[in-house]
Amino acid sequence: MTIDEELTVLESQLRRLKIEYEVYFSNPTKKPPTDIEWKVLSMLRKFSDGTRLSFAQRFRYNEMAQRYAIYSDLWRKKSRIREEGYRRPQDALLSVQGVRPENHEPERRAVYGVSQPAAAAAAPAPAPAMAATITVLCSDARTEQDRVVKLYRALTEAKKRAGESVSGNLDSFTSFVQKKTDQIRKQYGCPSVEYTVEMQNGQVRLKAKAKV
């Protein structure tokens, strides 16, 4: 197979692995998809040095490697909760079927950038706010995946530190950024959109504005 064909196989295996993990976490009797994950890891290691890849191939590989890293971290946390049970109310946000904390509050979901209702008095105190804002320019989320991943990581990390729930995944966030970018560029006739992750009134917000 050519390198492009191998990368296509890797992309397909990564997509299948994500689906298999979703099935695993929704069914307490299922076993983790370790065979598929081993194949994905083997292919990621094969191209990790990047010496045989063109610029386009390296960009494509990096996007998949970053996506796997995000997924892997989430799967690790879900697996720990599945094995040990909930320890904190916020663990319920990972939604592992068959494991439930006692008397925890219902999950509060939020659209990207939309603030959450004020926490109840009995809720744990939020973590310290992030030290500085994070700004990313974007003109096309489909071709600037590295910037979208950077923005996604900054947003999710900031929400975790603030004790807010994180809804959606990288794919849904990419679609959101693409739609918002197209909307603002069309409305203002600008070449790109500036996205900023910042803390405002104790809550994490994602702001977007036209950038000339």
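Two strands are taken to pair if DSSP finds at least two bridges between them.

## Overall architecture

The structure is a predicted model. Its protein chain has 212 residues, of which 39% count as buried. The secondary structure comes to five helices and three strands, and along the sequence these follow the pattern α-α-α-β-α-α-β-β.

Contacts in the chain can also be viewed by sequence separation. Among those between residues at least 6 apart in sequence, 61% join residues at least 24 apart.

## The three-stranded sheet

The three strands form an open sheet in the order E1-E2-E3, with antiparallel pairing. E1 and E3 stand at the edges and each has a single partner strand, so one side of each is left without a neighbour in the sheet. From one strand to the next, the twist averages 20 degrees. In general, strands of a sheet pair through backbone hydrogen bonds, in either the parallel or the antiparallel sense.

Strand E1 covers residues 134–138 and pairs with E2 over five antiparallel bridges. Within this pairing, Cys138 has Val193 of E2 as its bridge partner, and Leu137 stands opposite Glu194 of E2. Strand E2 itself spans residues 192–200 and is mostly covered, seven of its nine residues being buried.

Glu194 stands opposite Lys209 in E3.

Gln200 has Gln203 of E3 as its bridge partner. The hairpin of E2 and E3 has two residues between the strands, and in it Asn201 takes a positive phi near 55 degrees.

## Packing of helices H4 and H5

Helix H4 consists of residues 145–162 and helix H5 of residues 170–188; the two pack at an angle of about 110 degrees, with their axes 10 Å apart. Because angles from 65 to 115 degrees count as roughly perpendicular, H4 is described as roughly perpendicular to H5. H4 passes H5 in a right-handed crossing.

On the H4 side, the contact is made by Gln145, Val148, Val149, Leu151, Tyr152 and Leu155. H5 contributes Leu170, Phe173, Thr174 and Val177.

## Salt bridges between and within helices

Side chains of opposite charge can pair when their charged atoms come close. A search of the whole structure finds 13 salt bridges. One of them joins Glu11 to Arg60, with the closest N and O atoms 3.3 Å apart. Glu11 lies in helix H1 (residues 3–26) and Arg60 in helix H3 (residues 55–84), so this pair ties together parts that are 49 residues apart in sequence. Glu11 counts as partly exposed at 23% relative accessibility, and Arg60 counts as partly exposed at 24%.

Asp73 and Lys77 also meet in a salt bridge, at 3.3 Å from N to O. These two residues are four residues apart in helix H3, so about one helical turn separates them. Asp73 is partly exposed, with 27% relative accessibility, and Lys77 is partly exposed as well, with a relative accessible area of 21%. Both residues belong to a network of salt bridges that links Asp73, Arg76, Lys77, Glu157 and Lys160.

## The Asp140–Arg142 pair

A further salt bridge is formed by Asp140 and Arg142, whose closest N and O atoms are 3.2 Å apart. The two partners fall into separate accessibility classes, for which the cut-offs are under 20% for buried and over 50% for exposed. Asp140 has a relative accessible area of 18% and is therefore buried. Arg142, with a relative accessible area of 58%, is exposed.

Technical notes: Residues are numbered from 1 along each chain as its sequence is written. This is a predicted model: local features need pLDDT of at least 70, side-chain atom pairs count only at pLDDT 80 or more; totals for chains, interfaces and linings use all residues. Side-chain values use heavy atoms; hydrogens and water are left out. A salt bridge is a side-chain nitrogen of Lys or Arg within 4 Å of a carboxyl oxygen of Asp or Glu. Buried means under 20% relative accessible area, exposed over 50%, partly exposed in between (1.4 Å probe, protein chains only). Axes are lines fitted to C-alpha atoms, for helices over the stretch in contact, and angles run from 0 to 180 degrees between N-to-C directions. Angles under 35 degrees count as roughly parallel, over 145 as roughly antiparallel, 65 to 115 as roughly perpendicular and the rest as oblique. A crossing is left-handed if the near helix is turned anticlockwise from the far one by less than a right angle, and right-handed if clockwise. Contact means heavy atoms within 4.5 Å.
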